[in-house]
Every structure is written in C-alpha cells, then in structure tokens.
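Please keep the sequence and the 3D view at hand while reading.

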Amino acid sequence: MRNKLLVSGSPHIHKNESVPRIMWTVVLSTIPAGIAGVIIFGLSALWVILLAVIAAVATEAVFEVWTKNKITVMDGSAVITGILLAYNLPPNVPLWLPIAGSVFSIAIGKQVFGGLGQNIFNPALVGRVFLMASWPKYMTSFARPFSYDAVTSATPLAALKEGKVLEHLSYLDLFLGKRGGCIGEVCILALLIGAAVLLYKGYISWHIPASYILTTAVFMYIFGAKQLFHGDWLFHVLNGGLILGAFFMATDYVATPLTIKGQLIFGVGCGLLTAIIRIWGGYPEGVSYAILMMNAATPFIDRYTKNRIYGTK
Amino acid sequence: MKSLIKEFTKGIIKENPTFVLALGLCPTLAVSVSVANGIGMGVAATFVLLGSSVIISLVKNFIPNKIRIPCFIVIIATFVTIIELCLKAYSPVLDRALGIYVPLIVVNCIVLGRAEAFACKNNLLSSFLDGLGMGIGFTLALILISAIREFLGSGQILGHTLIKGFEPVFVFGMPSGALLVIGLLLGFFNLLRNRKT
Amino acid sequence: MNVQAFLSIFISSVFIYNVILSRFLGLCPFVAISKNTKQAFAMSAAVTFVITAASAVTWLIYRFLLLPFNLAYLRTLSFVLVIAALVQLIEMVIRKTSPVLYRAFGIYLTLITTNCAVLGAAVLNIDMFFVNGKAVAGSFYYSVFQGFCMGLGYTLAMLIMSGIRERLELCNVPKALKDFPLAFIIASVLSLSFMGFNGFKF
C-alpha cells in the first residue's frame, strides 16, 4: 500500500513485456508447425528438433561461460534458433547434422557478434546455408510424407527444377503439408496459426511477410512459366520455405530494418531474390539465401530510410 | 651474429607475415585448398622474396630514391616471371592449381613490403636472412591453413585419409571456408597474445 | 557477341566469382578501409574506374604488342608497369582537371597501384578471352565489360561490408575477434549467402 502512494519517475504505465516473454511466445507459436512436421514425417523429425534445440542452448551456454558474459540461455532466443534451424532440415538427416548446424548457428551466426541483439544475420539461416554447402547430400534428400521410413522423394520445387514430371498434388494437399520438404515448412496451415498468434500479439508486423510473399507471387506469376503472365504463383507460395521464412525468419528483430519503409524494401528485396533464384538459380529454393542477402543489406537500408528527426530538414 | 639469427627468426613467429602483419592474404586464402598447393605457393613466394631481397640490397645504392618503387616492381616481376616459366615447364599440374595467383605474387604486399621496409636499408646477408625467414613464415602459415582446410574439407591430408568415417565438411574447400578459417585463426592468435600481456 | 554472354559475365563476376568474396583479390583495402561507408565508396569507385581502364589497356598491349612479337612471357612484368603508369596518369589528370574529385578519391588511387584486383582482372581477362594465343570473337568488349563488372562486385562487397561494420561499432564483440578477424568471418557468411546464385542459368 505504501509503495502505491509514492510517485516514481516516468514512465508510469508499464506493459508487462520483456525479451524472455516475447521469445517464449515465439517458441510457442512455432510449435503447431513442429507437431505437424512430426505427424507428417514421424518420430525422426522430433529427434532432429530436440537435438537442434539442445545443441543450440548448450553452445550458447558454453560461449557465455567462456566469454564471462551474462548467462542468457533462459531467454529462449537460442531455443528459437534451434527450432528454426531444425524446421529448415529434411526429417531424415543423420542425427549429428542438426547438432553441427546448431553449433555453427550460435557460434558463427550469433556469439561472434556479441550475442543476443547484435547479430547481423539470422543465426538459424547461417546454420542452414553452412549445412547446405557442407553436406549437400543429406540436405537435399527428403523423406516421403506419411511413409515413416527411408523412402525419399524430391520436393515439388526440386522436381520442377530438374524438369521431372510432378506427381499431382492439389493445392489443399500443399496447404496441409502432404509433400516432401523440410520439417517445419510443409504444413502451411500450422505455420499460419503460429503467425496469427504473433501478429495478434503485435510481436511481428505484417509489412515484411506481406511484401515478401506478395513480391514472390507477382514475380512468379509474370516470369514463372515459359509464357509471360502464366506462372503458377499459388504453387510457388505454398511450396518451399516461403511461408516459414516470411513469417518466422525474415521478421527477426535484430537483422531487419527498423522503419516501416525499410521493412517494405526488405520484404520486396527478399521476394525478388527468392523468385530469381527459384527461376534461374542452380538451387530449387532460394528463401534462406534471399533473407541472408537482405540481412547483409539491412544496415544500408536503415541508413537511407531513417526517420526524419522532428524539426530538421 | 645474434642479430642475424633474429633477422631470420622474426619472420617465422614474432612478425609472421600472415598472422601478425596480416599481409599477402589473397594467395593465402585462394590456394590453401590443399597442403600440396600451399607448399607450392609458399615455395614460389619464398623464391621471389629471397631473389628480390638479395638483388635489391645489392643495387640499393644505385637506385634514385624517387623511382625506387617502380624499380623494385621490375625486379620482383622478373623473379615472378622466372618462377612462372619454371612452374609451366616442370609442374603443369601445380601451375594449373595455382592459376592466376602465381603472376599475382608481384603485387603480394609481403614481397614489396620487405623490399621497401628492409632490403633497401640493410646489407646483403641480413636481407637474405630476412627474406628467407619471412618466406618460411609465410610457407608455414600456408601449410597450417591448408592443412586445416584440406583435412576438414576432404578428410585427407596430402591425399592420405586420416580418420575413417569422417564426413568431409565441403564448405572448407570453398571460398567461404577459407575466409572463416583465416578469421578464426587470426582471432585465436589475438587470444594468445592477449593472454600473454 | 550477344546479350546472354554479357549477362552471364555480369552475374558471375558480381555475385558468383565476386572479386573479394570468392577470388580474394583486393583483400587488404577491403579489411582496412571498409570501416566507413564514405571512404569505402570512394575507394570502390576508384578501383572500378582503374580496373575498367586497365582491362582495356592491358588487352590492347597483349594483343598488339606482346602476341605479335612472341613476348607473351613478359605478360606479368609489362602489365604491372602499365598499370602503375596508368594509375599515375589518371591521378595526374584528375588532379589537374577536378580538384574536388581528387580530394574525394585521390589518395586511394596511389594505393591501387599494387592492388591485386587490378592485375588479377587483367590476367583473368587474358586467360579467359584468349584461346591458344588468339583473341576470341568480341574479346575486347568482353574484357572491358568483365573488368567493369569485377569493379561492381568489388563495390558491392565493400559497401555491404562497410554498412555492417559501422553497425558493429556499437556491438559487444569479443575482444579477440575485433576488427580483422570479425571482418573475415562476416565475409565468410556473405560468401555463403552469395552461393545462392550458384549455377545461374538463363
């Protein structure tokens, strides 16, 4: 009672938000996609996710003990990195692969820059492109959905790139995740549920995801087929890691621009690069590369989209 | 005598051109894919360094100060051309592996740096030892980096498999692996130095 | 000579075989000057200009002087000297004609004399666009264009790097990694992300 009568310094109204609270909410929002991944690909997907998370947290702890910084493993950010990395891996990888990826993500993607809030690149994507360059053999063989054994199949995007005949998948199949692909990217429905939570809570804004997805769709519609304006844009939106990337990885707080204008530029840039790599690049999928390249350009975008300080020219 | 030994050894550890002075990194990164390439590059650069150091310390009194840099470059380029032709004649495989990085020894900062900082001010013997020491330091650094990269990138060293069942990390054979290894090594040596002081 | 060839030269020398991130040419200024965007831009502009000019001049020398007289083995020696002279000439011209421009990137010009990116570009042009001692069709245009694109790639890497490093000034980077080591690690991640353009086809 006594405390309530004292006037403290401003601000007088607090919102009960903190870094750990936001981070753990993001973790929660990714869980539907994880459950969907385990249902679609079986228990091996669960092991991949768990190992990636454990390795990420352990690496973070080791680094923070070593550099004598504050131990921040409980704030949930390493957990997110682990989860997102695992969501970007095929479900049937050897189990040391997620561990190697997580160690690299946290060490090179985050800790060398000084830890939470300082990274230039999205750590999970740094881990993924490292794995992609290092062990392409494991990163490009995908399990068949609902078969739960070692049967592999190409992802629809990879089949398209190699000019193979696509097995027929309806848009509903793609929306629910009945296709080969990475653990967390296949079930669009589950991803959208998680994204809705984040949007509702205001933890992410719509600018980057919307401009990203829209740009990719439009570019694909125009250039995606032999004839102009005949591209199957819905196929490209539902396939690959676009939805996962747009809502959960291109919205990283630290590695994306601060202003709305900057975020729109960021989203459009990601969309263009993704579409360009998908159409003309050597890889079937370009989401991780596109986001990383735009992460690199972020300091520049920030510099030229600074809000005008009131009263200056 | 003691100072002569110092001229020789300083290039190997205390003033190692790669790790301490961070000079001449272009070829270091580019050719360190395998130990064999690393040694080849190291020997070629050492030869150029030795030859140019000796000649420059011999003729230093005849060169007018104003045009000394062009003169140094001509001397260095002569030795580079010699090693280029020798490589083409005797080891075409290595020549192909090292590619454009052999002619680029001309603009390697180590060579010109030693000419400018040391050989044009010191006598023949010191310059010889300095060039040799720097060359060996460069070669050792190249061997270290290329051993790390070859082992991690292909699981082998000089073509011998070391650990069975090791899944090579391809990225270390690529440019980004080279940048990563050199970055971490430079950081590691900084760490050692910080410990000492 | 067609549009496609030029496009593939553009993509490969700007992104896939980026001078800095993949060929490792011109690394010294890359780590030394990339701390400040303004300086980085001035340096890259100077490098782009010199590389383009040098590509043209060295091609002419190789084609009309060295080849006819069977002096191809003098390539390295003559190129180094020609580039040094060219840089001096450009510096003098700029100093006389545009003091403003000279103040902006004059000091960088002298640094470029022994920049390996310039000589590297010249040698690469010769290696790529001469087959068995004969210039391929359109060789001169390819060479100049490739030189220009390598300069663009240099500029791109420099600018991205300087933007990132300006931001890093505020970060709590581990002490042992400050400056040089971290610059290389960032370059490594950049190089990884540029791999997205591997195998580009039109």
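To compare two helices, each axis is taken as a line fitted to C-alpha atoms over the stretch in contact, and the angle between the N-to-C directions runs from 0 to 180 degrees. It should be kept in mind throughout that this is a predicted model.

**Two helices of chain B**

- In chain B, helix α3 (residues 35-59) packs against helix α6 (residues 109-119) of chain B at an angle of about 30°, and their axes lie 10 Å apart.
- Because angles under 35 degrees count as roughly parallel, α3(B) is described as roughly parallel to α6(B).
- The crossing that α3(B) and α6(B) make is right-handed.
- On the α3(B) side, the residues that meet α6(B) are Val48(B), Leu49(B), Ser52(B), Ser53(B), Ile56(B) and Ser57(B), while α6(B) contributes Ile110(B), Val111(B), Arg114(B), Ala115(B) and Ala119(B).
- Sorted by class, the contact of α3(B) with α6(B) is made up of 7 nonpolar, 3 polar and 1 charged residues.

**Chain A as a whole**

- Chain A has a secondary structure of 15 helices and 2 strands.
- The radius of gyration of chain A is 20 Å, which is close to the 20 Å that the globule rule gives for 313 residues, so chain A is as compact as a globular protein of that length.
- Of the 313 residues in chain A, 52% are buried.
- Among the contacts in chain A with a separation of 6 or more, 72% are between residues 24 or more positions apart.

**Where chain A touches chain B**

- The contact between these chains takes 4 residues from chain A and 6 residues from chain B.
- On the side of chain A that touches chain B, 3 residues are nonpolar and 1 is polar, with no charged residues.

**Where chain C touches chain B**

- Here 33 residues of chain C are in contact with 32 residues of chain B.
- Four helices of chain C, namely α2 (27-33), α4 (75-97), α6 (116-129) and α8 (180-194), each supply at least two residues of the side that touches chain B.
- Among the elements of chain C, α8(C) gives the most to this side, with 9 residues.
- By class, the side of chain C that touches chain B divides into 23 nonpolar, 7 polar and 3 charged residues.

Note on methods:
Residues numbered from 1 in each chain as written. Chains lettered and ligands numbered in written order. Predicted model: local features only at pLDDT ≥ 70, side-chain atom pairs only at ≥ 80, totals over all residues. Contact = placed C-beta atoms within 7 Å. Nonpolar A, V, L, I, M, F, W, Y, C, P; charged D, E, K, R; others polar. Rg over C-alpha atoms; globule rule 2.2 N^0.38 Å. Buried ≥ 20, exposed ≤ 12 C-beta atoms within 10 Å, placed from the backbone. Parallel < 35°, antiparallel > 145°, perpendicular 65-115°, else oblique. Left-handed = near helix turned anticlockwise from the far one by under 90°.
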